[in-house]
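Here is a short briefing to read alongside the model. Keep the structure open in your viewer and follow the topics one by one.

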Amino acid sequence: MASSRLDLRLAVCLLNISEARKQDIVERVAKAALFNKQGQRKTQTTVLNIFSDYDYNRSVITLAAPIETLGSSVVTACTEAYDLIDMEHHDGIHPCLGSVDLVPIYPLSESVGLEESGKVARDIAEKLSHDVPDCSMFYFGYADQPLKRNLVQRRKELNWYQRSSLNVNEVKPDVGAMISPRYGLTGIGASPYVMNCNVTIDTQDLNIGQQIASAIRGANIGGLRGIQAMAFPHEGTVEIACNVESFKDEPSSSLTEESKKYISYYIQGEEYWYFSPRSIERQIKKLAASQGVTTVGTALVGFTPERCKSLAEQAILEGCGEFWMKRKTINM
């Protein structure tokens, strides 16, 4: 059993699709990843989790497999999503551009590299352009050769943050001649692992949420390194939605109390770091309190890279493709 675990060269795709209100469609997309075109089960592919948000009308499907076969599973899932989700009828508060909105590939096993993950991402785009001729894609990260522009930079270039002002006729995709109104535009790329950490504050004042998001954003003075943050109205409150990016350089405060805010892991022998979700939550609580606002419940945190790898190994070794169903049963 232990030797089999070591033989797995795992990667994961956190597939973002623009549907959350029709759970049957979301699950059809997830299950499509587990079978080939002939209807045969992919024995080393697993869907670890499905997270859907009604207000955002967006779901994230966590799909893991060996890096050598992950691409084919992502393609079948995306093909199903393109078939079932029509962007001309989409409505949700989270910015998005495509029915398949985001296809990020992340290494899980230390032996899987970023360049290899980038190649898998480009292969996925090429296969999708063949199977779904009207789809359009842009590259980011290690799929965006040779520039390797990150996702935030690409989204800014495409007006993702102000989609109401986006003129699709002025956008030239990296793959596809023009953007289809039905499919929209899909981002596909590879990078070190990015996890989510969402914290809800007990207010309907979006301006307070935007101030907090700006204060913790890594690009701003005094912000938290590797953190991308936005504020959204959400179920009568405001949610601070954070993307927690991994970075390669060791934190400069590694010998102080600050070092406890960072967690590290390895990609091909090189150490990568990310900001602790617990520390993010504490900082948001502090900033909210300064505005006379409290937080609601606890932070909603996605899998850490370590946890994702561990669950993927467990699920694949058990032959459990619909692992998200097992977790749902356990949690209940």
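In which sense do strand β4 and strand β6 pair, and over how many bridges? The two strands, residues 100–107 and residues 185–190, pair in the parallel sense over four bridges. Please keep in mind that this is a predicted model. The points below start from the sheet, move on to the helices, and finish with the salt bridges.

**The sheet**

- Six strands make up an open sheet, and their order is β2-β3-β1-β4-β6-β5. The pairing in this sheet is mixed.
- The edges are taken by β2 (46–53) and β5 (136–141). Each of these has a single partner strand, so one side of each is left without a neighbour in the sheet.
- On average, neighbouring strands of this sheet are turned by 15 degrees against each other, with direction ignored.

- Helix α2 (residues 23–32) lies across β1 (10–17), β2 and β3 (58–66). Relative to β2, helix α2 runs at about 155 degrees.

**Where α3 meets α4**

- Two packed helices are described by the angle between their axes and the distance between the axes.
- For helix α3 (residues 67–84) and α4, the axes come within 9 Å and cross at roughly 35 degrees. This crossing of α3 and α4 is right-handed.
- From α3, the residues I67, G71, V74, V75, C78, T79 and Y82 take part in the contact. They meet E116, S117, V120, I124, K127, L128 and D131 in α4.
- By type, the residues of this contact of α3 with α4 divide into eight nonpolar, three polar and three charged.

**Salt bridges**

- The structure holds 17 salt bridges.
- One of them joins the side chains of R9 and E68, at 2.6 Å from N to O. The pair links distant parts of the chain, with R9 in the loop between α1 (2–7) and β1, and E68 in helix α3, 59 residues apart.
- Is E68 buried or exposed? E68 is exposed, with a relative accessible area of 52%, whereas R9 is partly exposed, at 23%.
- The side chains of R182 and D86 also meet in a salt bridge, at 3.5 Å from N to O. R182 lies in the loop between α5 (151–157) and β6, and D86 in the loop between α3 and β4, so the pair ties together parts that are 96 residues apart in sequence.
- D86 is buried, because its relative accessible area of 19% falls under the 20% cut-off.
- Which residues are linked in a network of salt bridges? The network consists of D144, R149, R154, E157 and D174.

Key
Residues numbered from 1 in each chain as written. Predicted model: local features only at pLDDT ≥ 70, side-chain atom pairs only at ≥ 80, totals over all residues. Heavy atoms only, no water. Pairing = 2+ DSSP bridges. Axes fitted to C-alpha atoms, helices over the stretch in contact; angles between N-to-C directions. Contact = heavy atoms within 4.5 Å. Left-handed = near helix turned anticlockwise from the far one by under 90°. Nonpolar A, V, L, I, M, F, W, Y, C, P; charged D, E, K, R; others polar. Salt bridge = Lys/Arg side-chain N within 4 Å of Asp/Glu carboxyl O. Buried < 20%, exposed > 50% of the residue type's maximum accessible area, 1.4 Å probe, protein only.
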